[in-house]
Amino acid sequence: MTTGLKGVAAKARTEKELVFTSLAHHLSREMIAESLKHIPLDSATGIDGIDVRTARDTFDQWIETMKTQIHRQSYKAPAVKRVWIPKPGKEEKRPIGIPCVADRALQRSVATVLTAIYEEDFLNCSFGGRPGRGAHNALTTLNEIIMMKRVNWVFEADLKNFFGSLDHGWLLRFVKHRVGDPRILSLIGKWLKVGVMEEGAYEASEVGTPQGGSISVLLSNLYLHYVLDIWFEKVIKPRLEGECYLIRYIDDFIVCFEHKKDAEKFMEVK
């Protein structure tokens with residue numbers, strides 16, 4: 001994390017109501033170049049057909065134009081290429097969105113900036129798509145809860161078509177709790193509305209965010225931070241009689257309960 005982003009994180013940690021109105025200057029040439037370096041060379045190309053090696057070789061030719069467009073709020077996000085991949089252990093497939101490489105580097109950079117803020121806000125119950133956390137941390141935490149806490153009932157859920165049904169209006173309202181920089185808000189809005197290309201056909205996006213881009217993971221975590229994590233912590237837990245614990249990995253989550261009646265009450269209001 002750069003010195004500038006460390007300062008952002010420190011402010012986010014100590015000023016929980018602060019809205020950050022100046023963030024786009026962190027999207028430097030150096031940061032976008034570093035984000036580009038983290039994209040594997042064998043990554044799939046987007047709709048423009050430009051691979052990672054070519055994007056790196058031509059970096060000097062497109063970076064200044066991209067930076068100017070960001071600050072003028074004139075950046076045009078290219079449509080995302082949709083492909084379908086099998087779900088693990090299932091016959092059905094799920095859609096994955098593949099942004100163009102340069103756009104992918106910008107998404108990663110914006111996600112890096114926003115992560116400096118939201119890592120100070122996100123709760124310990126969420127594990128997916130966060131630095132230093134992963135599936136193994138979620139499983140370890142679940143095992144510790146089951147072995148060491150007074151829990152006897154487990155509720156498991158997978159939010160059906162979460163990425164494809166995410167509400168843009170509510171998401172942007174959540175983002176604005178902490179982000180007030182119009183340049184960042186403009187980029188997020190364009191990524192949400194960019195649409196997808198599949199076999200040459202374009203499909204507009206009125207809801208949802210394509211799985212595959214760095215910004216989609218962060219925005220999905222942000223959305224569920226407000227509608228699930230905080231809701232569970234502030235609304236559900238105080239109304240239950242026994243112990244209860246939430247463990248969330250992106251759009252999959254498990255809730256552990258001490259009492260059966262608490263689990264049933266949760267199922268009624270979920």
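Start with the lining of the largest cavity, where α10 supplies the largest share, three residues. Keep in mind as you go that this is a predicted model.

**Stop one: the cavity**

Select V80, P99, Q107, W191, L192, V194, T209, P210, G213, I215, S216 and L219, and you have the residues that line the largest cavity. The space inside is about 70 Å³. A search of the whole structure for cavities of 30 Å³ or more turns up one.

Now color the helices around this space. Two of them, α9 (182-193) and α10 (214-236), each give at least two residues to the lining.

What classes of residue face you here, nonpolar, polar or charged? Color the lining by class and you will find eight nonpolar residues, four polar ones and no charged ones.

**Stop two: a helix crossing**

Next, select residues 29-37, which form helix α2, and residues 101-118, which form helix α5. Two packed helices are described by the angle between their axes and the distance between the axes. For this pair, the axes come within 8 Å and cross at roughly 115°. Angles of 65 to 115 degrees count as roughly perpendicular, so α2 is roughly perpendicular to α5. The crossing of these two helices is right-handed.

To see the contact itself, show the side chains. From α2, pick M31, I32, S35 and L36; they meet V101, A105, L106, R108, S109, T112 and V113 of α5. Colored by class, the contact of α2 with α5 shows seven nonpolar residues, three polar and one charged.

Key: Residues numbered from 1 in each chain as written. Predicted model: local features only at pLDDT ≥ 70, side-chain atom pairs only at ≥ 80, totals over all residues. Heavy atoms only, no water. 1 Å grid on protein atoms, 1.4 Å probe; cavity = no way out; pocket = protein on both sides within 12 Å on 5 of 7 lines; lining within 4 Å. Points joined across faces, edges and corners; volume = space filled by probe spheres on them. Helix = DSSP H or I, 4+ residues; strand = E, 2+ residues; numbered from the N terminus. Nonpolar A, V, L, I, M, F, W, Y, C, P; charged D, E, K, R; others polar. Axes fitted to C-alpha atoms, helices over the stretch in contact; angles between N-to-C directions. Parallel < 35°, antiparallel > 145°, perpendicular 65-115°, else oblique. Left-handed = near helix turned anticlockwise from the far one by under 90°. Contact = heavy atoms within 4.5 Å.
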